[in-house]
Amino acid sequence: MKGMILYSDPSDSGSGKGKVFPNGQWLPDTGVQRGNVKSVKGDLSTHLYPSYKGGYHATGTELEKISPKIPVIPIPYNDAKLIHDLIKSTDPKTPEDWGPYKIGPSTESVELNVITDNKLALCRNIIGVINGSEEPDRYIMVGVHRDAWIHGAADPVSGMATVLEITRVLGEMLEKGWSLEGP
């Protein structure tokens, strides 16, 4: 079976760009860029529809049919460099300025183990509503993502702090008689 190993090249998003975390904004050689390579937006089991309790979710062989067929795992550049150093390219045309990158097949192989837990898990959305009287069918939405990919909780918390402050101020204004239609 074929597989894919992904890593961030330091010249694209790491030490080749400048100072790395925690002394700068760039990904350290030990960091792993997370994400995915599937071409489906959102929940794979509901493909383009909202994912909610009681809603339709593909399972079993149906989910297996639409799931990516090539296993993928992200690794840090430090580990990728070790793999590159082991690979012996059989093609002598690799340009010297490509660094550790090689062209052509290799006599070496890498064992890739990807363990995926395809189960539904609960994720709660916190929603607040201020009803208007003149145009109750119109909405203003304010939100923030809640993941913590790159810099841990610092990633979403900066936006969350702003949303919480907006919520606090609107709550105080409502208690003083403010409405969406004006003072």
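**Salt bridges and a pocket**

Mentor: In this predicted model, a salt bridge joins the side chains of D85 and K81, with N and O 3.3 Å apart.

Trainee: Why is the contact of D85 and K81 called a salt bridge?

Mentor: The cut-off is a Lys or Arg side-chain nitrogen within 4 Å of a carboxyl oxygen of Asp or Glu. The N to O value for D85 and K81 is 3.3 Å, so the pair qualifies.

Trainee: What separates D85 and K81 along helix 3?

Mentor: About one helical turn, because they are four residues apart in helix 3.

Trainee: Why is R138 called exposed, but E135 partly exposed?

Mentor: Exposed means over 50% relative accessible area, and buried means under 20%. R138 has 60%, so it is exposed. E135 has 46%, which lies in between, so it is partly exposed. R138 and E135 also form a salt bridge, with their closest N and O atoms 3.4 Å apart.

Trainee: What makes E165 and R168 a salt bridge?

Mentor: Their N to O value is 2.5 Å, and the cut-off is within 4 Å, so they count. Salt bridges link E165, R168 and E172 in a network.

Trainee: How many salt bridges are there in the whole structure?

Mentor: Four.

Trainee: How do the residues lining the second largest pocket divide?

Mentor: Into 12 nonpolar, five polar and three charged. The pocket has about 600 Å³ of space, and I5 and V110 are among the residues nearest its centre. Ile and Val count as nonpolar, so I5 and V110 do too.

Definitions and conventions: Residues are numbered from 1 along each chain as its sequence is written. This is a predicted model: local features need pLDDT of at least 70, side-chain atom pairs count only at pLDDT 80 or more; totals for chains, interfaces and linings use all residues. Side-chain values use heavy atoms; hydrogens and water are left out. On a 1 Å grid over the protein atoms alone, a cavity is a set of points where a 1.4 Å probe fits but cannot get out, and a pocket is an open set with protein on both sides within 12 Å along at least five of seven lines; lining residues have an atom within 4 Å of a point. Grid points are joined across faces, edges and corners, and a volume is the space filled by probe spheres set on the points. Helices (H or I, at least four residues) and strands (E, at least two) are DSSP runs, numbered from the N terminus. Buried means under 20% relative accessible area, exposed over 50%, partly exposed in between (1.4 Å probe, protein chains only).
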